[in-house]
Amino acid sequence: MNYELLTVSFVGGLLSLDSTVFGQFMISRPIVTGPVIGWLCGDIKTGLFIGAMIELLWVGVVPVGVGVPPDSTIVCIVATVLAANNTPDVAALAIIFSVPLGIIFKRLDIAHRKWNRVFLPVIENGIKSGRYYILTFVTWLGVFLSFIKSFLFIFICILILSYILPFVILSPAVVKGLQVFMFALPLLGLASFLASFTK
Amino acid sequence: MKNCNIIRTFFRSFLFQAVWNFERMQNVGFLYSIMPCLKEIYGTDENRLKNAAMRHFDFFNTHPYIANAIIAITLILENEKTVDDETKSQQIKSLKLHIGGPIAAIGDTFFWARLRPLCGLLAAGYVFLQCKTLKQVQGFTSCHFLVPLAFIFLYNIPHVFFRFFGFWLGLKCKTDVVKIISNVRLQKISEIIRIIGIFICIFVLVAYIITSAEYRFVGALVFLVSFILLKKNVSVISIFWGLVIGCVGIGFLM
């Protein structure tokens with residue numbers, strides 16, 4: 001279990017780099033991360049389903065200018081790991097519990113971007129004294145720090161949530177409610193798509 | 001400039017936002033990308049290289065996909081040998097300041113607000129039309145691997161095209177590239193994508209609701225209520241929490 005958790009966090013950290021730091025090939029979108037993480041957990045189909053669900057939920061969220069939106073990659077990774085090889089109601093719970101993580105991670109991301117300015121005087125001094133390798137070093141350090149940030153965040157979140165989730169007591173009524181929820185969630189996504197496209 | 005340095009600049013531009021900061025935004029990425037070429041242009045003169053590096057360390061922000069065009073124009077301007085450093089610095093400063101903003105706006109509306117949602121909808125809609133619950137997914141055998149691959153492929157054709165041709169055009173046509181980019185009529189393509197997106201969304205919606213046996217009424221209600229709330233600028237996350245509470249409530253009623 002712990003070995004698998006490390007692999008998932010590692011791959012999750014790499015995938016999450018794509019969203020701002022490296023390239024933006026959109027391999028950090030839930031529709032891609034879901035199946036990849038699901039494949040690592042041995043349950044690619046659940047991953048695909050959860051990924052499609054979170055992709056639709058995030059479809060209307062558009063970053064404008066310098067705004068930082070809630071992170072969908074983290075939500076999808078944590079939800080997929082918790083839901084893989086589990087019953088459908090646990091999958092619904094996994095989505096519900098991991099959505100707040102996207103908002104927490106967004107706060108963390110903003111703090112990180114504010115903190116990044118400590119590098120500016122370092123690079124400036126480097127240029128003035130002719131040591132240009134500092135620029136390359138800082139750039140790759142930035143990539144590395146972003147990776148460590150996502151890696152640790154995913155690792156800790158999965159560790160905590162996989163302890164919490166079994167303690168959530170599901171009465172038959174709640175299970176029925178969660179079924180309706182799983183059916184209704186894509187509709188919320190479609191509504192947000194239509195709302196952003198008819199603007 | 002040597003070809004190998006230009007290729008290095010292109011690949012370095014993928015790390016454009018590595019040290020994104022709120023003070024000067026993409027300045028580190030910009031300088032990092034053009035550094036090999038700057039070294040080649042000012043290689044012999046330590047002082048001029050320092051000055052050039054410092055002036056590219058200023059505030060800069062644009063859309064990462066279209067940044068390549070600006071990088072290329074900047075390099076061409078830096079490479080001009082007849083102009084003295086003072087005018088060059090002014091030219092580049094005004095170019096970066098005046099082109100970055102409008103081009104970023106074009107990129108934001110086209111890529112973030114139109115193309116990505118459409119690709120996401122196509123991929124996710126395909127999954128939901130095939131299967132509605134996790135139980136049905138387990139019986140879903142047809143090419144589940146192709147869904148994410150198709151998404152990446154569909155999205156990255158325009159993306160890589162823009163990165164590559166923006167760079168190439170910038171090197172070839174210099175400042176005319178802005179005219180060319182505005183001539184591509186991205187607004188019109190965005191409008192076409194918008195209309196296609198609305199049709200696909202309605203198709204997926206109707207098919208999804210009609211084929212569900214039990215929850216037709218609930219589904220239509222959820223969609224209408226959340227659409228109206230979204231139009232009144234309620235955030236998706238708030239509606240999400242409302243949906244969780246509402247659905248658990250429905251569970252107790254049934």
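A residue is called buried when its relative accessible area is under 20%, exposed when it is over 50%, and partly exposed in between, with a 1.4 Å probe and protein chains only. By this criterion Ser196(A), in helix α8 of chain A, is buried with a relative accessible area of 12%. The model is a predicted one, in which local features need pLDDT of at least 70 and side-chain atom pairs count only at pLDDT 80 or more, whereas totals for chains, interfaces and linings use all residues. Residues are numbered from 1 along each chain as its sequence is written, chains are lettered from A and ligands numbered from 1 in the order in which they are written, and side-chain values use heavy atoms, with hydrogens and water left out.

Helices (H or I, at least four residues) and strands (E, at least two) are taken as DSSP runs, numbered from the N terminus. On this basis chain A comprises 8 helices and 0 strands, in the order α-α-α-α-α-α-α-α along the sequence. Its C-alpha trace spans about 70 × 45 × 25 Å along the principal axes, and buried residues make up 61% of its 199 residues. With contact meaning heavy atoms within 4.5 Å, residues 24 or more positions apart account for 75% of the contacts in chain A that have a separation of 6 or more.

Chain B, for its part, has 11 helices and 0 strands, and its elements run α-α-α-α-α-α-α-α-α-α-α from the N terminus on. The radius of gyration of chain B is 24 Å, well over the 18 Å that the globule rule gives for 254 residues, so the chain is more spread out than a compact globule; here the radius is taken over C-alpha atoms, and the rule is 2.2 Å times the number of residues to the power 0.38. The C-alpha trace of chain B spans about 80 × 35 × 30 Å along its principal axes. Of the 254 residues in chain B, 52% are buried, and 70% of its contacts with a separation of 6 or more are accounted for by residues 24 or more positions apart. An accessible surface of about 12200 Å² is computed for chain B, with 67% of it belonging to carbon and sulfur atoms.

Between the chains, the axes of helix α2 (residues 30-40) of chain A and helix α7 (residues 146-173) of chain B come within 9 Å and cross at roughly 145°, where axes are lines fitted to C-alpha atoms, for helices over the stretch in contact, and angles run from 0 to 180 degrees between N-to-C directions. The crossing is left-handed, a term used if the near helix is turned anticlockwise from the far one by less than a right angle, clockwise being right-handed. Ile31(A), Val32(A) and Pro35(A) of α2(A) make this contact with Val147(B), Pro148(B), Phe151(B) and Ile152(B) of α7(B). By class, the contact has 7 nonpolar, no polar and no charged residues, with Ala, Val, Leu, Ile, Met, Phe, Trp, Tyr, Cys and Pro counted as nonpolar, Asp, Glu, Lys and Arg as charged, and the others, Gly among them, as polar.

Individual residues of chain A also touch chain B. Leu187(A), which lies in helix α8 (residues 172-197), is buried at 0% relative accessibility and, leaving aside its neighbours within four places in sequence, is in contact with Leu205(B), Tyr208(B), Ile209(B), Gly219(B), Val222(B) and Phe223(B). Ser196(A), with residues up to four places away in sequence not counted, touches Gly60(A) and Arg114(B); the C-alpha atoms of Ser196(A) and Gly60(A), 136 residues apart along the chain, are separated by 5.7 Å. Trp58(A), in the loop between α3 (44-57) and α4 (72-83) of chain A, is buried with a relative accessible area of 3%, and its contacts, on the same exclusion of residues up to four places away, include Arg29(A), Pro70(A) and Ile237(B).

Backbone geometry was examined as well. Most residues other than glycine have a negative phi. Gln24(A), in the loop between α1 (2-20) and α2 of chain A, has a positive phi of about 55° although it is not a glycine, and is buried with a relative accessible area of 2%. In chain B, Met25(B) has a positive phi near 55°; this residue lies in the loop between α1 (3-12) and α2 (27-41) and counts as buried at 9% relative accessibility.

Methods: Accessible areas come from the Shrake-Rupley method with a 1.4 Å probe; for residues, only the protein chains shown count as cover.
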